[in-house]
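Subject: Handover of a structure, with notes

Dear colleague,

I am handing over the structure below, and my notes follow it. Please read them with the structure open beside you.

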Protein chains: 2
Amino acid sequence: MPFDYLPHLLIKSKSKIVLLVMDGLGGLPMEANGPTELEHAHSPNLDRLASQGMLGVTTPVRPGITPGSGPAHLALFGYDPIKYEIGRGVLESVGVGLHVGPGDVAARGNFCTLDRNGKIVDRRAGRIPSEESDPLVERLKKIVLPGVVTDVRQVKEYRFAVVMRGENLVPEIEDTDPQETGVPPLDPEPRTPSAQHTADLFKQWISQAQQVLADNTKANGLTLRGFASDPNLPRFEDSYGLHPACISVYPMYKGVSRLVGMDVIDFDGETPEDEFKAVARVWEDYDFFFVHIKKTDSKGEDGDFEGKAKVIEGVDTALPHLLELKPDVLIVTGDHSTPARLRTHSWHPVPFLLWAPATIRPDDQTRFGERACVHGALGNFSAHDTMPLALAHAQRLEKFGA
Amino acid sequence: MPFDYLPHLLIKSKSKIVLLVMDGLGGLPMEANGPTELEHAHSPNLDRLASQGMLGVTTPVRPGITPGSGPAHLALFGYDPIKYEIGRGVLESVGVGLHVGPGDVAARGNFCTLDRNGKIVDRRAGRIPSEESDPLVERLKKIVLPGVVTDVRQVKEYRFAVVMRGENLVPEIEDTDPQETGVPPLDPEPRTPSAQHTADLFKQWISQAQQVLADNTKANGLTLRGFASDPNLPRFEDSYGLHPACISVYPMYKGVSRLVGMDVIDFDGETPEDEFKAVARVWEDYDFFFVHIKKTDSKGEDGDFEGKAKVIEGVDTALPHLLELKPDVLIVTGDHSTPARLRTHSWHPVPFLLWAPATIRPDDQTRFGERACVHGALGNFSAHDTMPLALAHAQRLEKFGA
């Protein structure tokens, strides 16, 4: 259990919690004394929630550590990512709906371009569009190996995920991506003797895949990375007594949610409004809603300060759809910072807003922004403490001790 | 390793980090609503760095715990002093340049004054000046014991350090200082049976030393404390991928630095300017610079509020010598508080300033002082997290997980 002392304290309740995560929300000023993306955004609804609620800043994993998306979300869900490490192959696979059961081994794949000597010319196969890679993935699905079953799923463009199911599979295998061009892909080498059998099977699979891809000009080769197995995480529902739903456009976040046992909700569209309407549709069926907004992060990685602020403004505009559902607890935060200035994830603490009309002890902050959050009542805390705080404000925890 | 997850994340970089420690920096107002020493000091350079950077306050070891110099510095270097305990004998010895290798046993010594019955009259031998104790230390160096080698070094005034080198030496030995007058020094008693041999050797050494000192009036006896061995700390360079240099006037801080594998830089002079010029001289050879200013602590222990503020002003005036080197990360902090009002180390959190032009998320503080630090963006954090934060802002850490 992420918090051993919590399950004994859980109270049955009809209260509902929404965790709204704007990916990479935290930012930086582009120039000294300038605003951050969040401070720059015109966001009257968020500011009103900030006035009524409590602010803080979270450290996603540990001070100074820049988290990937997987660890950052696990932390928000209460699973210390230093303790619960999950291989990227599993994250990617479950993210696209591939089942990774106990004992299965999953990996991430990239199509790449090989020259006539088998050396890598382009590690991403010219970033071929999904329309081009889709039929190639269909061909990979048809590969047959003795004694095991494999499944492949397209992720996006040049990326795919592969899962192998069978007896005695062991994921301790080195990446085949040499991380450079001018050399051939590496063989899948076992890190432990027990992984020899699995490595041999993947070697056979790669060999067949090469033949299947040989007639392509761009995607005529592939590399595999992040071999991993299901980490067997404690279930969210057992940990917190909450029946949880994930509303996300992007596969990765669906994947992390599935790993902790959340139901992933299907819906059409990809705007914040579409996501909030999806929440509304299943509102009666769940009591915890993880809603993931991707584009704050994407714009941050593009270095697009204005674009990131606009995404935040879009969320703000759509927010009434969520608020009219009258959640008992609404948390608005990020999984990590992705400052447009740095064009990448960063270690900077993440703005955090907790709104819960029945139980809030308000601070004197009136805007949702990084500088305001520093002065908020929640202070600087670990993202790992988000779930206990949410449960408390949802009045779902009884007294510890007498 | 101090942080198990860090070594995997280290990126090669040419960025440079300066950790400027003003010993005992934290202070207290002398009267209600008055300024602290740091707030009282006129320090325009530090204030400018505070405006551009981020402030916080650190807890050196644990809340409420007043640290000694050794633990406080270990915490800043990322070695939790609750986990990594280092005997004072080792600290004192390495601090004066005595080598303490694996298996050696070191102790701190005090000269004392004994009456004709061998009872202690003065535990510090009238605080004899170093000029008087120096020839006595020379005599102690000549003591010869069977099967082991001993070395002695003057520390200051009535204090010295002794190291014993040989086979099967065990440091679990009780202090011989009874901590009171009117009684004779105690024998070095073993705490464990395995330390009997070592205790016997020290007993012989003390016996010979008594004879050597017998003709003195003041320093005619001695006591030994803090028997200890090399703690075998993980090396700073292995832990953080930084090639570290220590610039310090006082032996103790050189000693702690050596214990984690820092190079100790020799230089002439003892002013902040001398120290900063020493940094400049070796700037190209290292990428981490621990610069130690002692006199803030000394003035604090003297109860000299104005004197401590003047030391801070002296550091501020010399600071341009450091800034013109253009460090990527400059941290200005203390190892603990030494409020002139209390005339001793204290547990109060320590002002912390982090300046890093490329990566800072500024707060709205414009002065470097205790009250401002409370409102800084870094909040109240553990000194133990200093190194990961420094590495992050030096952009020397890659993403954790995908």
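Predicted model: local features only at pLDDT ≥ 70, side-chain atom pairs only at ≥ 80, totals over all residues.

Residues are numbered from 1 along each chain as its sequence is written, chains are lettered from A and ligands numbered from 1 in the order in which they are written, and side-chain values use heavy atoms, with hydrogens and water left out.

A proline in a loop

P234(A) is found in the loop of chain A that runs between β7 (221-228) and α7 (236-240). With a relative accessibility of 16%, P234(A) counts as buried, a word used here for under 20% relative accessible area, with exposed meaning over 50% and partly exposed the range in between (1.4 Å probe, protein chains only). Apart from neighbours within four places in sequence, P234(A) is in contact (heavy atoms within 4.5 Å) with M1(A), P2(A), Y79(A), Y84(A), S239(A) and V260(A). G334(A), by comparison, is 100 residues from P234(A) in sequence and 23 Å from it in space, C-alpha to C-alpha.

Two helices of chain B

Helix α8 of chain B (residues 251-259) has seven of its nine residues buried, so it is largely enclosed by the rest of the structure. The buried residues are M252(B), Y253(B), K254(B), G255(B), V256(B), S257(B) and L259(B), and they pack against α3 (69-76), α4 (88-95), β8 (244-248), β9 (263-264) and β10 (288-293) of chain B. Just after this helix, G261(B) takes a positive phi of about 90°.

T386(B) belongs to helix α13 (residues 386-393) of chain B and is buried, its relative accessible area being 1%. A polar atom of the T386(B) side chain lies 2.6 Å from the backbone oxygen of A383(B). Not counting residues up to four places away in sequence, T386(B) touches L19(B), L76(B), I331(B), F352(B) and F381(B).

Salt bridges

Side chains of opposite charge can pair when their charged atoms come close. Taking a salt bridge as a side-chain nitrogen of Lys or Arg within 4 Å of a carboxyl oxygen of Asp or Glu, the structure holds 37 of them over all chains.

One of them joins D177(A) to R123(A), whose closest N and O atoms are 2.9 Å apart. D177(A) lies in the loop between β6 (159-165) and α6 (196-213) of chain A and R123(A) in the loop between β4 (120-122) and α5 (130-141) of chain A, so the pair ties together parts that are 54 residues apart in sequence. Both D177(A) and R123(A) are buried.

In chain B, D187(B) and K203(B) meet in a salt bridge of 3.5 Å, N to O. D187(B) is in the loop between β6 (159-165) and α6 (196-213) of chain B and K203(B) in helix α6 of that chain, so the pair ties together parts that are 16 residues apart in sequence. D187(B) is partly exposed, with a relative accessible area of 37%, and K203(B) is also partly exposed, at 41%.

R396(B) forms a salt bridge with D287(B), the closest N and O atoms being 3.2 Å apart. R396(B) lies in the segment after α13 of chain B and D287(B) in the loop between α9 (272-281) and β10 of chain B, so this pair ties together parts that are 109 residues apart in sequence. Both R396(B) and D287(B) are buried.

Where the chains meet

In the interface, 27 residues of chain B are in contact with 31 residues of chain A. The area buried between chain B and chain A, meaning the accessible area (1.4 Å probe) that the two lose on being put together, summed over both, is about 2300 Å², and carbon and sulfur atoms give 61% of it. Across this interface the rule finds zero salt bridges.

Only 4% of the interface residues of chain B are also interface residues in chain A, so the copies meet through different surfaces.

With best wishes

Conventions. Helix = DSSP H or I, 4+ residues; strand = E, 2+ residues; numbered from the N terminus. Polar contact = N/O pair within 3.5 Å; in protein donor to acceptor, adjacent residues only side chain to side chain.
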